[in-house]
Amino acid sequence: MNHMSESAKKSARHYAIGTRNPNLPFYPAVRAGDFLFVSGQVPKDADSNMIDGTIEVETVATLKTIERVIAEEGATLSDVVRITTYLQDTRDFGRYNRAFQQAIGDAVMARTTVEAKAVINTKIEMDAIVYKPIEDDRR
């Protein structure tokens, strides 16, 4: 488990994951019982620098951002049960869909994709729900 303020930790089963951006009123993710709820993530590298590229590049980078967030709880993309994707331009859907399919491999998940004009300075944003049971010693 990461280090967090007491206000970010509600209980052993409900707590923040990751470091909150001081300019934003939420955390990268929150654990609630056996589920992780990942806030909207954008294409960033491991140093939190934005990645600007084709929709394919940004799709893969966004999934890698999600992977880094959920790895703090020992989860992988195979633990993701749902992703919602927000595309700046739905004309990118076909290319995004192919890149997404290649990136997730055999993962079994539900997905919704919508166009969202609020996606700014990037082509894509994704949030996720992850099923990763808490280890018995943390229950």
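In this predicted model, I55, E56, T59, V60 and L63 of helix 1 meet R95, Y96, A99, F100, A103 and I104 of helix 2. Two packed helices are described by the angle between their axes and the distance between the axes. Here the angle is about 35 degrees, and the axes of helix 1 and helix 2 lie 8 Å apart. The crossing of helix 1 past helix 2 is right-handed.

Take helix 2 on its own. Helix 2 covers residues 93-104, 12 residues in total. From first C-alpha to last, helix 2 reaches 16 Å, close to the 16 Å expected at 1.5 Å a residue. Its buried residues are Y96, A99, F100 and I104. Seen down the axis of helix 2, these buried residues fall within an arc of 120 degrees, so they line one face of the helix. The face turned away from that buried side carries Q101 and Q102, both exposed.

Now look at the two ends of helix 2. Between strand 5 and helix 2 runs a loop that holds D92. D92 counts as buried because its relative accessibility is 13%, under the 20% cut-off. Leaving aside residues up to four places away in sequence, D92 touches I55 and K123. I55 also belongs to the group in helix 1 that meets helix 2. Just after helix 2 comes G105, with a positive phi of about 60 degrees.

Next, helix 1. Helix 1 has 17 residues and reaches 24 Å between its first and last C-alpha, close to the 24 Å expected at 1.5 Å a residue. Its buried residues are I55, E58, T59, A61, T62, L63, T65, I66, V69 and I70. The cover over them includes strand 2, strand 3 (29-32), strand 4, strand 5, helix 2 and strand 7. T65 is one of these buried residues, with a relative accessible area of 7%. Not counting residues up to four places away in sequence, T65 touches Q41, V42, P43 and K44.

Which residues have the most contacts inside the largest nonpolar core? They are V38, I70, V80, I83, F100 and M126, in a core of 24 residues. At least two core residues come from each of strand 2 (14-17), strand 4 (35-41), helix 1, strand 5, helix 2 and strand 7. Helix 1 gives the largest share, five residues. V80 shows how such contacts reach along the chain. Setting aside residues up to four places away in sequence, V80 touches I70, V108, M109, A128, I129 and V130.

Finally, a residue in a loop. A12 sits between strand 1 (9-11) and strand 2. Is A12 buried, partly exposed or exposed? With a relative accessible area of 40%, A12 is partly exposed, because that class lies between the 20% and 50% cut-offs. A12 and F100 are 88 residues apart in sequence and 33 Å apart in space. A12 and T65 are 53 residues apart along the chain, and 25 Å separates their C-alpha atoms.

Technical notes: Residues are numbered from 1 along each chain as its sequence is written. This is a predicted model: local features need pLDDT of at least 70, side-chain atom pairs count only at pLDDT 80 or more; totals for chains, interfaces and linings use all residues. Side-chain values use heavy atoms; hydrogens and water are left out. Helices (H or I, at least four residues) and strands (E, at least two) are DSSP runs, numbered from the N terminus. The expected span of a helix is 1.5 Å times one less than its number of residues. Buried means under 20% relative accessible area, exposed over 50%, partly exposed in between (1.4 Å probe, protein chains only). The arc is that of the directions from the helix axis to the C-beta atoms. A nonpolar core is a set of buried Ala, Val, Leu, Ile, Met, Phe, Trp, Tyr and Cys residues joined through side-chain atoms within 4.5 Å. Contact means heavy atoms within 4.5 Å. Axes are lines fitted to C-alpha atoms, for helices over the stretch in contact, and angles run from 0 to 180 degrees between N-to-C directions. A crossing is left-handed if the near helix is turned anticlockwise from the far one by less than a right angle, and right-handed if clockwise.
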